[in-house]
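Welcome! Here is a short tour of a protein model, meant to be read with the structure open beside you.

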Amino acid sequence: MAPQHRYNPPPNWPPPPEGWTPEPSWQPNPAWGPPPEGWLLWVTEAPNRHPFGRAFLAAGAWWLLSVILVVALSGGRADLPYSIGSLIPGPVIAALVTGLIARSRPKKWSIWMYGLWTFLVILALRVVTVAGQLGS
């Protein structure tokens, strides 16, 4: 989704009501004075800033949790280098997909949404992998 434009009143003007957007024909009250030189009345902002960084943070947390669970459930007998390496592709793909989804959303996400979407993508990848293994 394209970045959104937000009305940005100068500091010497009164703040607008929540959610208010000026009409195309709207004119400011002359008593407010002019905006400071170079002031932008409209600013462009993305609703989900740094979507890939947050998605990779969530994916890293899932990956670390997976490694800890593999080691704990194996009683310490797991081949750690193999486990670590085999658990990397899913979270990386999930982070990329989650980042793309977050970047396309018009509403801001909390960090928990990144974790939830990362989990759902990892789960979907796992289901597809298991289905493929069962079919062969």
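## An exposed loop residue

A residue counts as buried when its relative accessible area is under 20%, as exposed when that value is over 50%, and as partly exposed in between. Please keep in mind that this is a predicted model.

With those cut-offs in hand, let's start with R77, which sits in the loop between α1 and α2 (80-86). R77 has 71% relative accessibility, so it counts as exposed. If you look for L41 as well, you will find its C-alpha atom 62 Å from that of R77, with the two residues 36 apart along the chain.

## The nonpolar core

Now for the inside. Which residues form the largest nonpolar core? There are seven of them: A55, A58, A59, A95, A102, W109 and Y114. Two or more of these residues come from each of α1 (51-73) and α3 (89-104). The biggest share belongs to α1, which supplies three residues.

Setting aside its neighbours within four places in sequence, A95 touches F52, A55, F56 and A59.

L116, F119, L120, L123 and V127 together make a nonpolar surface patch of about 410 Å².

Take V127 as one member of that patch. You can find V127 in helix α4, which covers residues 111-135. Is V127 buried or exposed? Its relative accessibility is 52%, and therefore V127 counts as exposed.

Technical notes. Residues numbered from 1 in each chain as written. Predicted model: local features only at pLDDT ≥ 70, side-chain atom pairs only at ≥ 80, totals over all residues. Heavy atoms only, no water. Core = buried A, V, L, I, M, F, W, Y, C linked by side-chain atoms within 4.5 Å. Buried < 20%, exposed > 50% of the residue type's maximum accessible area, 1.4 Å probe, protein only. Helix = DSSP H or I, 4+ residues; strand = E, 2+ residues; numbered from the N terminus. Contact = heavy atoms within 4.5 Å. Patch = residues over 30% accessible without salt bridge, like charges linked within 9 Å, V, L, I, M, F, W, Y side chains within 5 Å. Areas by Shrake-Rupley, 256 points an atom, 1.4 Å probe, with all protein chains shown as cover. Salt bridge = Lys/Arg side-chain N within 4 Å of Asp/Glu carboxyl O.
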